[in-house]
Amino acid sequence: MTESINRKLPTWDEYYKNEKIEKMPWYNENLDLDLEDELNAMHLNNGIFLDLGTGPGTQAMELAKKGFDVIGSDISETVIKRNKIMYENKYPNLEFIVDNILDSNFKAVLI
Ligand SMILES: C[S@@+](CC[C@H](N)C(=O)[O-])C[C@H]1O[C@@H](n2cnc3c(N)ncnc32)[C@H](O)[C@@H]1O
């Protein structure tokens, strides 16, 4: 009992280092259906997306495929490194960045 209470949870980076990404519960190689419905309802097919906590980057990649300019950020260096290798060369409108949303390096831009 005490042992399970004191068990240390892995960091996100440790998790991505040690587990198979395709088996993670949130892994979805297709665009989220609610997001797709919303984009269709709003007739949105271009613009800029910031995908905070992008994880496996599949949502960012699907949005880039549709023609959006996309930045996917995540606290895990491991997953961002993987995403860069897998997707950045294929989609020039897609960029992955390591960033902690609780102490972000993104600057607010007023347009
Ligand atoms: C449940 S996963 C969802 C991943 C992705 N949005 C998806 O739907 O496939 C949550 C993600 O948030 C990231 N994350 C957690 N805390 C974060 C933080 N403070 N800054 C940036 N990313 C964070 C994790 O590394 C993880 O990839």
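Five helices and three strands make up the chain. The model is predicted. Read from the N terminus, the order of elements is α-α-α-β-α-β-α-β. A ligand is present, and the largest pocket is where the ligand sits.

**Overall build**
- Along the principal axes, the C-alpha atoms of the chain fill a box of roughly 55 × 30 × 25 Å.

**Ligand shell**
- The ligand is surrounded by 13 residues.
- The closest of these are Y16, G53, D74, N100 and I101.
- By class, the shell around the ligand holds seven nonpolar, four polar and two charged residues.

- G53 uses its backbone: an N or O atom lies 2.8 Å from a nitrogen atom of the ligand.
- I75 also contributes through the backbone, with a polar atom 3.2 Å from a nitrogen atom of the ligand.
- Taken alone, the ligand exposes 600 Å², and the protein buries 78% of that area.

**The largest pocket**
- The volume of the largest pocket is about 310 Å³.
- Its lining counts 17 residues, and those closest to the pocket centre are Y16, G53, T54, G55 and D74.
- Two elements each give two or more residues to this lining: helix 2 (12–18) and helix 4 (58–66).
- The lining divides into seven nonpolar, seven polar and three charged residues.

**Ends of helix 3**
- Helix 3 covers residues 33–41.
- At its start, a side-chain oxygen of D32 comes within 3.1 Å of the backbone nitrogen of D34.
- After helix 3 comes H43, which has a positive phi, near 55 degrees.

**Points to check in the viewer**

Note on methods: Residues are numbered from 1 along each chain as its sequence is written. This is a predicted model: local features need pLDDT of at least 70, side-chain atom pairs count only at pLDDT 80 or more; totals for chains, interfaces and linings use all residues. Side-chain values use heavy atoms; hydrogens and water are left out. A residue is near a molecule or strand if one of its heavy atoms lies within 4 Å of it. A polar contact is a pair of N or O atoms within 3.5 Å; within protein, one must be able to donate a hydrogen and the other to accept it, and residues adjacent in sequence count only if both atoms are side-chain atoms. Accessible areas come from the Shrake-Rupley method with a 1.4 Å probe; for residues, only the protein chains shown count as cover. On a 1 Å grid over the protein atoms alone, a cavity is a set of points where a 1.4 Å probe fits but cannot get out, and a pocket is an open set with protein on both sides within 12 Å along at least five of seven lines; lining residues have an atom within 4 Å of a point. A molecule sits in a cavity or pocket if more than half of its atoms lie within 2 Å of its grid points. Ala, Val, Leu, Ile, Met, Phe, Trp, Tyr, Cys and Pro count as nonpolar, Asp, Glu, Lys and Arg as charged, and the others, Gly among them, as polar. Grid points are joined across faces, edges and corners, and a volume is the space filled by probe spheres set on the points. Helices (H or I, at least four residues) and strands (E, at least two) are DSSP runs, numbered from the N terminus.
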